[in-house]
Structures are given as structure tokens and as C-alpha cells.
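Let's go through this protein together, one question at a time. Have the sequence and the 3D view open as you read.

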Amino acid sequence: MNLSQARDALAAARRVAVLTGAGISAESGIPTFRDAQQGLWARFRPEDLASPDAYHRDPALVWEWYAGRYRDVMAATPNAGHDRLARLEREKGDGFFLATQNVDGLHARAGSGTLGGQLVELHGNLITARCEVCGQVEALPAPEGFTPPPVCSRCSGRMRPNIVWFGEFLPEDALEAASDAFAAADVALIIGTSGVVYPAAGLAFETLGRGGTVIEINPSETELTPHLSFSLRETASRGLAALNGG
Ligand code: APR
């Protein structure tokens, strides 16, 4: 498959499923996890911060890290890549499904999920917290007025970051909706992810298994690249511009 055929396939697709990773937020100034020169994990060991054990060992440290990332994402703005996916959703309507591994909330701020299609945050998000006692999910206060840990307005229980941590399961309904959407997709786009964390990375194979087309946009080759229909060595915004209009 070449670029022109990939463009035609996307234009003709009735059902489009998209998976995004940290790479689509790189152009908003948010570090990716694994890029050696800037990846967040390069400075932290994941198990020391993003895991239930880390949280129970030292909730204040974990909240300190998440509160810092919360401030960062609230200071960031969606970039052209996020905006182009919102435009694609407007074009495809209810045939559009976006599953993101990102927790920065930028797709929602670009309007994704409100333009006729669906948005699912597979790993949760940094801008809400979940009560450890009653499960209530609440938006965090504005960064300048936020001192962690937040307290549940319903039961006064301590609230944890509303993130799926290493070793935890993804929300069942979100994963099921994503699997169904990728299985039904005529075209799937895999954008800005290293494709090493499952089950998210496995979604591409749901589309391939049903004879669909899977197009990757990533400046680097990934573990998924050899299996896909076409891979565009581009950033998210430039790759989406090349695939779907100027
Ligand atoms: N445009 C598109 N892709 C980019 C860009 C860009 N401007 N810059 C970097 N990338 C690519 C990198 O080449 C890399 O393949 O984005 C990818 C980022 O990979 P990771 O840092 O591994 O992030 P991600 O794939 O989202 O990680 C998946 O792992 O740590 C867990 O839960 C965490 O959701 C995260 C999951």
C-alpha cells in the first residue's frame, strides 16, 4: 500500500477506529514515556510511581508526581494532530471511534467524543480523581487551588488518581467498546504509540483479523510496523495532514 492508496482507503471508510499514544501529545510539549532523550520513565521507575503498591507505600509522593503532571497538562493545549482527529470525527460521524492511551485530556479538549463519534480513555485521565471508598469520580480543582490528596465530596474518603496503573485492569466496558470498534473498522489509524503495552497495542490486530486496513503514523518504526498495511514516518499532525486533507 502507498500513501495515495492509504488516503483513498481513509476517504472511503465508513467506520474508522483510531488508537493514540503519547506521541500525539508530544507536539503539545508533553513528554512521551519511552523516548530516551525525554521520556518520563527515563527519570522514574514506573513501579515507584504508577502502581497500586507505590501508592499504598507513599500516597503523598505519588500524588505529588500526578499533581505536577496535572499542572503540566492543564498548561498545555491541543495541537494540530488533536484538531485533525476532531475534524475526522466530524466527517465520519457515528462511524468514528477514538481510543487513547493518553491521560492528558487533550483529545476531549479538542472536542473529540462530542462530534458524532466516540472517545474512550483506556488508561483514565489526570484531570479527575476516584474515591478509594465509594468509587465516586470527580474533576480535580483548578491547579492553582489544588493541594493533594482530594477528598470525596460524597463520603469524605481519600481520592486516588483516576489512572489505570501498572498491574491494574483496564475498565471492562472501555476495552470491550474499543475491541468491537476496531473489529468493525474499515480503516484503523495507530498514531504516536510504541505499541508495546497490551491490550491497547492488540487493537490493530482486531482490524487486520477482519480484513480491515491499519495505517500507522509515527516518526519511528515500532513493534507493530511490520504487521500493518501502511506506516507513515511522520509526526501526528503532518501524517494526518498527508492522509486526510491539506
Ligand atoms: N508524532 C507522532 N508520534 C510521535 C511523535 C510525534 N510528534 N513523537 C514521538 N512519537 C512516537 C514515538 O516514536 C513512540 O513510538 O510516540 C511513541 C511514544 O511511545 P511511548 O512513549 O511508549 O508512549 P505510549 O505508546 O503512549 O505508551 C503506552 O505505556 O507507560 C505506559 O500507560 C502508559 O499509556 C502509556 C502506555
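Q: Where is Ser156 found?
A: Keep in mind that this is a predicted model. Ser156 has phi near 65 degrees, which is a positive value in a residue other than glycine. Its place in the chain is the loop between E5 and E6.

Q: Is Ser156 buried or exposed?
A: A residue has to be over 50% relative accessible area to count as exposed. Ser156 comes in at 57%, so the label is exposed.

Q: Which peptide bond involving Pro149 is cis, and where does Pro149 lie?
A: The bond to look at runs from Pro148 to Pro149, and it's cis, with omega near 0 degrees. As for its place, Pro149 lies in the loop between E5 and E6.

Q: What is omega for the cis peptide bond from Tyr198 to Pro199?
A: To find the spot, go to the loop between strand E7 (187-191) and helix H10 (203-209), where Pro199 lies. The bond from Tyr198 to Pro199 is cis, and its omega is near 5 degrees.

Q: How many disulfides does the count come to?
A: A disulfide is a covalent bond between the sulfur atoms of two cysteines. Here the cut-off is 2.5 Å between the sulfurs. For Cys134 the closest cysteine sulfur is in Cys152, 3.6 Å away, so that's too far for a bond. For Cys155 the closest one is in Cys131 at 3.5 Å, again too far, and the count comes to zero disulfides.

Q: Is Cys134 buried, exposed or partly exposed?
A: Buried means under 20% and exposed means over 50%, with partly exposed in between. Cys134 has 30% relative accessibility, so it counts as partly exposed. Cys155, at 31%, also gets the label partly exposed.

Q: How are the rings of Trp65 and Tyr66 arranged?
A: The structure holds five aromatic pairs. In the pair of Trp65 and Tyr66, the ring centres are 5.1 Å apart and the planes are at 70 degrees. Planes over 60 degrees apart count as edge-to-face, so this pair is edge-to-face.

Q: Are Trp65 and Tyr66 buried or exposed?
A: The limit for buried is under 20% relative accessible area. Trp65 has 10%, so it passes. Tyr66 has 3%, so its label is likewise buried.

Q: What kind of pair do Tyr70 and Phe146 make?
A: Their ring centres are 5.8 Å apart. The planes stand at 90 degrees, so the pair is edge-to-face.

Q: How many residues apart are Tyr70 and Phe146?
A: This pair links distant parts of the chain. Tyr70 sits in helix H6 (residues 59-75), while Phe146 is in the loop between strand E5 (137-139) and strand E6 (159-163). Tyr70 is buried at 2% and Phe146 is buried at 6%.

Q: Which residue lies over the face of Trp165?
A: Trp165 belongs to an aromatic cluster with Tyr55, Trp65 and Tyr66. Over at Trp65, Arg69 lies over the ring face, at 4.7 Å from the ring centre. For Trp165, the residue over the face, at 3.9 Å from the ring centre, is Arg160.

Q: How far apart in space are Leu119 and Val18?
A: Leu119 lies in strand E3 (residues 118-121) and is partly exposed at 22% relative accessibility. Leaving out residues up to four places away in sequence, Leu119 touches several others, including Leu98, Thr100 and His107. Leu119 and Val18 are 101 residues apart in sequence, yet C-alpha to C-alpha the distance is 9.5 Å.

Q: How many helices and strands does the protein have, and what is its radius of gyration?
A: The protein has eleven helices and nine strands. The globule rule gives 18 Å for 246 residues, and the protein comes close to that, so it is as compact as a globular protein of that length. Its radius of gyration is 18 Å.

Q: What share of the 246 residues counts as buried?
A: The C-alpha trace spans about 55 × 35 × 30 Å along its principal axes. The accessible surface comes to about 11000 Å², with 51% of it belonging to carbon and sulfur atoms. Of the 246 residues, the buried share is 52%.

Terms used
Residues numbered from 1 in each chain as written. Predicted model: local features only at pLDDT ≥ 70, side-chain atom pairs only at ≥ 80, totals over all residues. Heavy atoms only, no water. Buried < 20%, exposed > 50% of the residue type's maximum accessible area, 1.4 Å probe, protein only. Phe/Tyr/Trp six-rings, centres within 6.5 Å; stacked < 30°, edge-to-face > 60°. Helix = DSSP H or I, 4+ residues; strand = E, 2+ residues; numbered from the N terminus. Lys NZ or Arg CZ within 6 Å of the ring centre and 35° of its normal. Rg over C-alpha atoms; globule rule 2.2 N^0.38 Å. Areas by Shrake-Rupley, 256 points an atom, 1.4 Å probe, with all protein chains shown as cover. Contact = heavy atoms within 4.5 Å.
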